[in-house]
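Open the structure in your viewer and keep the selection tool at hand. We will go from one stop to the next.

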Amino acid sequence: MTSMKRFMAILLAGMLSLSAAVPSFAAVATNAGKWAKPSIEFAYQQGLLTEADLQKAKSPMTRKDFCKMVMRFLNVITGKEWKAAGKTPFTDCDDADVTAAYELGIIGGTDPGIFEPNSTLTREQMAIMVARVMKTCGVDLTEKAKKNPFNDTAELFASSNKYIDQLYGIGILAGYQDGGYHPFREMTVQEAVVSFVKAYRYIEEQTGGKVEITEPKVDKVDRVDTQNDTKVDTKTDTKADTKTEEVKVTDAATTETVTVGEKKVCLGWTAAELKAVWGEPDRIDDSVYGLERYVYLNKYQNYFFATMQDGKIVEIFVPGTDFTYNGTSGKGIAANIKNLSHVSSLEHSGIVYNANSEVHVPLDYEGKICGVLLQEKSFAQTKDYQSTLQYTTREAMEAELLDLIQVCRLEKGLSLLTADSKLGGVARAHSEDMTAKGYFDYTGSDDSTPFSRILAKGKAFRTASETIAKQRGDVVQIYQEWMRTAAKENSLTDGTMQEAGVGISAKSKELYVTVDLCGQ
């Protein structure tokens with residue numbers, strides 16, 4: 001009997017020991033919908049979500065929180081804690097997980113130095129980031145991509161559609177009953193988690209749960225969370241071509257060539273020819289034409305951008321005065337423009353028509369030359385602007401307009417402005433209000449003033465100003481309006497201002513632009 005008791009005691013102890021070694025996956029308390037609850041529970045059990053996240057399932061998923069979930073996943077899948085090696089590249093976010101994700105090439109900014117951590121994640125951004133995570137984990141989706149059937153993705157840029165096609169091809173993305181993907185719809189936590197858990201399981205299936213990351217699989221220098229692979233592919237495909245000695249740079253006619261500083265850039269050049277002379281661009285932006293635009297900052301001293309179509313430059317814009325075009329110096333006046341056809345009173349620009357190109361020379365309110373725009377003739381005659389701005393286009397145009405302000409300030413010997421996300425939010429909100437309510441005024445539809453809007457955003461200042469503009473077209477047309485209007489040009493080059501935010505909205509191909517500035 002004693003032996004039996006001893007046996008039972010040992011058996012019971014063994015059973016208790018075994019049960020203690022088996023993890024318990026009881027249901028967790030969450031406010032997620034029934035359709036999302038299994039994914040929320042799985043993400044929590046795997047350590048991707050915190051306990052506090054469980055009651056936020058129906059709240060907006062911010063860019064920062066999605067980033068943190070991604071980094072928790074990488075810690076789990078690799079068995080290694082990923083930490084940022086350097087300082088944050090962003091002025092509005094010093095979160096360690098965001099910095100680490102940036103260094104791995106998974107996320108980018110919305111403007112140079114800006115991440116907008118508290119902005120809500122969109123379906124487009126989610127798709128791009130998830131695809132980057134897969135690439136970072138060594139899962140190549142190139143051969144898995146399948147043309148998506150959604151009725152609202154045709155106008156997205158190829159870089160965004162590539163990611164959407166990849167995730168659609170492996171069954172991670174789905175659309176809505178109306179046939180659309182709704183790329184700009186903001187996501188809740190539960191929506192983002194459901195999509196990411198699908199990616200988690202796919203990565204486990206493809207890798208056997210063993211992932212080693214020795215270096216970033218995606219270039220980390222891209223401007224926005226939409227086009228990292230575009231830059232990576234460009235650098236990879238043209239690596240040999242970017243060596244000057246291996247690229248024959250075509251000599252174009254003087255009417256299609258502009259010299260910026262001491263180097264030239266020509267209509268008709270390929271990307272390889274452009275890079276052979278100028279090196280890699282600082283950014284590759286989406287333009288209002290639906291075409292890629294190569295932006296060269298050159299510390300804002302020799303700034304220019306070139307728009308590409310079918311692999312060749314069809315448009316060049318140089319703001320400021322440090323250029324020479326066909327004998328015309330940027331430091332001249334309207335009377336100095338060579339082969340001038342006429343001066344457009346509407347644009348306040350000198351117009352030159354050539355056999356294969358069309359040239360516009362913007363003039364400021366004093367009649368001084370302040371830039372040059374070259375366009376290939378057929379492009380100038382057939383170009384069309386998008387009627388609505390995609391997320392990536394709007395972000396790119398806002399960055400370009402801030403660039404143009406910086407060029408103007410530098411030429412006047414003023415300090416450069418710092419991009420401020422709060423001011424950017426105020427500016428964009430006012431532009432969107434003007435397009436939505438059908439007005440154009442400094443006073444908002446709620447009777448707010450520029451100053452009250454800035455203060456309401458929690459932004460303190462000693463001095464502040466606002467400039468608004470409305471033009472059909474591109475950033476060049478906005479720049480022309482600024483420069484031909486004394487009050488606007490003087491406001492943008494006010495030496496007391498230190499920070500700025502630019503916001504764009506569009507309605508029927510007409511751009512509404514607000515610039516808010518302040519000094520401390």
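The model is predicted: local features need pLDDT of at least 70, side-chain atom pairs count only at pLDDT 80 or more, and totals for chains, interfaces and linings use all residues. Residues are numbered from 1 along each chain as its sequence is written, and side-chain values use heavy atoms, with hydrogens and water left out.

**The sheet.** Select the eight strands in the order β3-β4-β5-β6-β12-β11-β10-β9. They form an open sheet with antiparallel pairing. Strands here are DSSP runs of E, at least two residues, and helices are runs of H or I, at least four, numbered from the N terminus. Two strands pair if DSSP finds at least two bridges between them.

Now pick the edges, β3 (283-286) and β9 (342-344). Each has a single partner strand, so one side of each is left without a neighbour in the sheet. From one strand to the next, the twist averages 25 degrees. Axes are lines fitted to C-alpha atoms, for helices over the stretch in contact; angles run from 0 to 180 degrees between N-to-C directions.

**Inside the sheet.** Select β6 (residues 312-319) and β12 (residues 371-376). Five bridges join these antiparallel strands. Find E315: Q375 in β12 stands opposite.

**The helices.** Select α9 (residues 271-278), which touches β4 (292-296), β5 (304-309) and β6. Contact means heavy atoms within 4.5 Å. The direction of α9 makes about 5 degrees with that of β4. Seven of the eight residues in α9 are buried, among them W278. Buried means under 20% relative accessible area (1.4 Å probe, protein chains only). Next comes G279, with a positive phi near 80 degrees.

Note on methods
Buried means under 20% relative accessible area, exposed over 50%, partly exposed in between (1.4 Å probe, protein chains only).
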